[in-house]
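I opened the sequence and the structure side by side. These are my notes on what I looked up.

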Amino acid sequence: AAGPVRVSRRYPGRAPHHGPLRLSTREVAVGTGRAVVSNPHTPGIQSGTRQSVAPELQVNEIAFDGPGGLLWVTDPDGHTHRALNMNLPLAPRTSPSIASSGGFWKIAFHGTNGDLWFADSSGNTQDFGPQMADQASPSIVAVNGGYETALAAQNGILWVVGRDGTNFSLSTHVASGTNPVVASLGFGDSW
């Protein structure tokens, strides 16, 4: 949205600052910084989906379900393009999740074949499986030694893909129409 946006900014050792942050028509407030979500040559995010933001040092890498229902990214320099310059289709009305660590990123997404897929900044893609619940979106987090991903499997059960590539069921049901979210506790190994 263009114009002023009310944000809260926190700086270490100082009181929070609340006030307007002027943004152009192509920027949105993300955390305490700015991130370009699209440029004049890119139509934008698919209806019913959301972008995922991975903060990396002073910049952000953004992943979203873009034109043609394909996986798109916006790099820290504002360049928006198909992820890995490939046609990686997402299942309709699903959103990718991106995490970054050490200058590299990894994206988890629900492919059109119903499986969990991964793409990373090294140029790798993987149809990992298992089959995901209809219109479910995965969540990924960087942890010490890799990434961990949570998803609602086709049977509605919560599954986790560990940093070593093993997947396992947590035997917990995920409510229909919702998605799990995984986050680091900040200790490197925990989530």
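Where is N85 found? I found N85 in the loop between β8 and β9. Strands here are DSSP runs of E with at least two residues, and they are numbered from the N terminus, as are helices (H or I, at least four residues).

I noted the ground rules next. The model is predicted, so local features need pLDDT of at least 70 and side-chain atom pairs count only at pLDDT 80 or more, while totals for chains, interfaces and linings use all residues. Residues are numbered from 1 along each chain as its sequence is written, and side-chain values use heavy atoms, with hydrogens and water left out.

Entry on the loop. I looked up phi for N85 and got a value near 55 degrees, which is positive in a residue other than glycine. L84 is in the loop between β8 (80-82) and β9 (97-101), and L84 has a positive phi of about 60 degrees although it is not a glycine. I wrote these down because most residues other than glycine have a negative phi. L84 is partly exposed at 22%, and N85 counts as exposed at 54%.

I counted two strands as paired if DSSP finds at least two bridges between them. β10 (residues 104-110) pairs with β11 in the antiparallel sense over five bridges, and A108 has F118 in β11 as its bridge partner. The hairpin of β10 and β11 has four residues between the strands, and G114 in the turn shows a positive phi of about 90 degrees. β11 also pairs antiparallel with β12 (residues 125-131), over four bridges, and W117 stands opposite D127 in β12. The hairpin of β11 and β12 has four residues between the strands, and G123 there has a positive phi near 95 degrees.

Is β11 enclosed or open? Five of the six residues of β11 (residues 115-120) are buried, so β11 is largely enclosed by the rest of the structure.

I then checked the peptide bond from G129 to P130, which is cis with omega near -10 degrees. P130 lies in β12.

Entry on the open sheet. Four strands are ordered β13-β14-β15-β16, with antiparallel pairing. β13 (139-143) and β16 (167-173) are the edge strands, each pairing on one side only. Inside this sheet, β14 (residues 146-152) and β15 (residues 157-161) run antiparallel and are joined by four bridges. A152 stands opposite L158 in β15.

Conventions
Buried < 20%, exposed > 50% of the residue type's maximum accessible area, 1.4 Å probe, protein only.
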